[in-house]
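Student: I have a model open and want to work through its side-chain packing. Can we take it step by step?

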Amino acid sequence: MYKIEIKGLFSDDFAPLAIQIIEEDKQQYKNHNRDYFDNPANEIQRALGELENNRQWQQHWQSFVETMVFARVKPGYNSALQNVLNKSELVLLALQR
């Protein structure tokens with residue numbers, strides 16, 4: 001998502017596509033996470049809060065980037081997280097409709 005955002009390739013199709021994926025995931029994984037099946041918006045918000053508030057995720061990000069990203073300029077956790085939060089807001093708004 002970070003690279004797609006930087007290149008300006010996100011379109012108005014993003015939220016409807018995400019909603020379609022959420023609906024498919026609800027059906028496919030309904031026995032794995034009943035809370036997600038019952039209310040995906042709440043579970044998405046809970047997960048985003050975990051990304052924002054649990055520093056363990058920032059440590060995982062840093063470890064991943066150091067190992068797997070070979071670009072000279074590596075995306076920082078805060079900018080990547082903000083991108084996820086912004087795109088998630090579009091999806092959450094679409095879920096309310």
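Student: How many aromatic pairs does the structure hold?

Tutor: Bear in mind that this is a predicted model. Rings pair if their centres lie within 6.5 Å. The number of aromatic pairs in the structure is two.

Student: Are the rings of Phe 10 and Phe 14 stacked or edge-to-face?

Tutor: The ring centres of Phe 10 and Phe 14 are 5.0 Å apart. Planes over 60 degrees apart count as edge-to-face. The planes here stand at 90°, so the pair is edge-to-face.

Student: Which charged residue lies over the face of Phe 10?

Tutor: Phe 10 is partly exposed, at 22% relative accessibility. A charge sits at 4.6 Å from its ring centre, over the face. That residue is Lys 87.

Student: Which residue forms an aromatic pair with Trp 61?

Tutor: The partner's ring lies 6.3 Å from that of Trp 61, centre to centre. The planes are 65° apart, and the pair is edge-to-face. The partner is Tyr 77.

Student: How many residues apart in sequence are the parts that this pair ties together?

Tutor: Trp 61 lies in helix 5, residues 55-68. Tyr 77 lies in helix 6, residues 77-96. The pair therefore ties together parts whose separation in sequence is 16 residues.

Student: Which helices do the buried residues of helix 6 pack against?

Tutor: Helix 6 has 20 residues and reaches 28 Å from its first C-alpha to its last. Its buried residues include Leu 81, Leu 85 and Lys 87. They pack against helix 1, helix 2, helix 4 and helix 5.

Student: Which element gives the most to the largest nonpolar core?

Tutor: That core has 15 residues. Helix 2, helix 4 and helix 6 each give two or more residues to it. The most, six residues, comes from helix 6.

Student: Which residues is Val 91 in contact with, leaving aside its neighbours within four places in sequence?

Tutor: Val 91 is one of the buried residues of helix 6. It is also among those with the most contacts inside the largest nonpolar core. With those neighbours left aside, its contacts are Phe 14, Ala 15, Ala 18, Ile 19 and Ile 22.

How values were computed: Residues are numbered from 1 along each chain as its sequence is written. This is a predicted model: local features need pLDDT of at least 70, side-chain atom pairs count only at pLDDT 80 or more; totals for chains, interfaces and linings use all residues. Side-chain values use heavy atoms; hydrogens and water are left out. Rings of Phe, Tyr and Trp (its six-membered ring) pair if their centres lie within 6.5 Å; planes under 30 degrees apart count as stacked, over 60 as edge-to-face and the rest as tilted. Buried means under 20% relative accessible area, exposed over 50%, partly exposed in between (1.4 Å probe, protein chains only). Helices (H or I, at least four residues) and strands (E, at least two) are DSSP runs, numbered from the N terminus. A charge sits over a ring if NZ of Lys or CZ of Arg is within 6 Å of the ring centre and within 35 degrees of the ring normal. The expected span of a helix is 1.5 Å times one less than its number of residues. Contact means heavy atoms within 4.5 Å. A nonpolar core is a set of buried Ala, Val, Leu, Ile, Met, Phe, Trp, Tyr and Cys residues joined through side-chain atoms within 4.5 Å.
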